[in-house]
Amino acid sequence: MDRDLSRSTILGTSSGPIDLQAAQAGGHQIIDVRSAGEFLAGTIPGAINIPLFDEDERSVIGTIYKHGGHEQAVEQGFSYVEKKLADLLAAFEPLQSKPLAVFCARGGMRSLSVVNLLVQSGYNAFQLEGGYKTYRQDVLDRLQKFHPKLIVIHGLTGTGKTRILQQLVPAIDLEDLAGHRSSLFGGLDQQPSNQRTFESRLAQVIGSLQQEPYFIEGESRKIGRVFIPQPLASAMQSALLVYVHCSLETRIRRIIEDYPVTDEAMRNQIETILKSFKQKMGSGQVDKLCLLLRKGDLHELVRILLVDYYDKRYSKSMSSYRYVLELSSENIAAAASDLTEFRRTLL
C-alpha cells in the first residue's frame, strides 16, 4: 500500500457511525482502539482492545497537539500508523467475518482512521458514535436514575447470603460485579473491579432487569475498591429488610468452602491479612490465629474470627434494623424458595 493510498484510506471520511444499541443488536464485535492503559481504566463490556497507539505514542501526539496544533499531531500519528500498518491489520484478521463497531475516546480520529483502513481492506466496520465518552455518560445517567424497590438480605458472615442471592430472580449481585466478597479477605482469589468497570457492569445488569422489587445483599457503601452509587445505596437503606440465620457450624463450613487455602501463596496472603487485625483483636489473639493457619486448623481459625470479631462487629449494627421477615438459611434452596414466595406476595 503506497503512502498516498494509506493517507487517503486512514484520514478520509467514513460512512455514517453506528450507535451502541444498534451495534449490540446487530451482533457487532466492539473494538476499543484506545491505548491499553485507557482500556484497563474502563471500557465497554465485551470490547476487545486493539490499540492504535501505545502509551508513549499517545503522549507524544498529545504534546504535539497542545503545542503544534492539529495538523502536526495528525502527521505524527500517521507516521506511527504507517510503520505498524501490517501488524495492525494482522490483529484484526481473526475478526474478518464479523461486523465491527470501533471506538476511541470521543469518536474521533483514532476510531475514524481504523474504520477507514478496515473498510478499504474489505471489512464490515463502523465507527461507534460518540466513543467511550458518550457510553460513559450513558452509564452515569442510568445509575443516577436507578432508585428501585428492593428486598435486602442481611445476616451474619457465613449465613449464605450470596448463595441464596444466586438462586433468586430478579437479583443484583454487587459482590460479583465488584469482583470482591466485601470483607478484608474478600479479594482472595478474585479480580477486583475498578470503579468504572463496576459501574459499567451494574448498568448492564440494570438494563436486563424487569419488574421490581429486586433482591440484593446488604452491603456497606464500599465493596473492595469500589463504591455503590448513591441512588442505589439510598434505595438499599429504604428497602424491605430480610434477616437470614443458621448455626455457627454451618457458617464455619461454608466459609471454609468459600475460601479454600489451596497453596502456600494463598496461605501467605491470609496470614498477611490476619496480621492487620492486631489493633482490633490484640497481638496474642492474632498470633494464635496465624499458628492455627500454619497448622491447617481452619475450623478453629474461622470460629474465632466469627465469634470474636465479625459477629461482634455486625450484630451491633444489624440490631438497629427492622426486618419484615426472618428465616433459616440452613437449607439454601429452601431459603431462596421462601424469599421468592415473599416477593410474590408483594406484587
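Visitor: Where is Ser182 placed?

Guide: In this predicted model, Ser182 sits in the loop between helix 10 (174-178) and helix 11.

Visitor: What is the phi of Ser182 near?

Guide: The phi of Ser182 is near 60°, which is a positive value in a residue other than glycine.

Visitor: Does Ser182 count as buried, or as exposed?

Guide: Ser182 counts as buried because its relative accessibility is 19%, and the cut-off for buried is under 20%.

Visitor: Turning to Asp189, where is that residue found?

Guide: Asp189 is found in the loop between helix 10 and helix 11. Asp189 is not a glycine, yet its phi is positive, at about 60°.

Visitor: And is Asp189 buried or exposed?

Guide: Asp189 has 63% relative accessibility, so it counts as exposed.

Visitor: A change of topic: which residues does the cis peptide bond with omega of about -5° join?

Guide: That cis bond joins Val169 and Pro170. Pro170 lies in the loop between helix 9 (161-165) and strand 6 (171-172).

Visitor: What about the peptide bond from Glu212 to Pro213, cis or trans?

Guide: The bond from Glu212 to Pro213 is cis, and its omega is near 5°.

Visitor: Which elements lie on either side of the loop with Pro213?

Guide: The loop that holds Pro213 is between helix 11 (195-208) and strand 7 (214-217).

Visitor: What are most peptide bonds, cis or trans?

Guide: Most peptide bonds are trans.

Notes:
Residues are numbered from 1 along each chain as its sequence is written. This is a predicted model: local features need pLDDT of at least 70, side-chain atom pairs count only at pLDDT 80 or more; totals for chains, interfaces and linings use all residues. Side-chain values use heavy atoms; hydrogens and water are left out. Helices (H or I, at least four residues) and strands (E, at least two) are DSSP runs, numbered from the N terminus. Buried means under 20% relative accessible area, exposed over 50%, partly exposed in between (1.4 Å probe, protein chains only).
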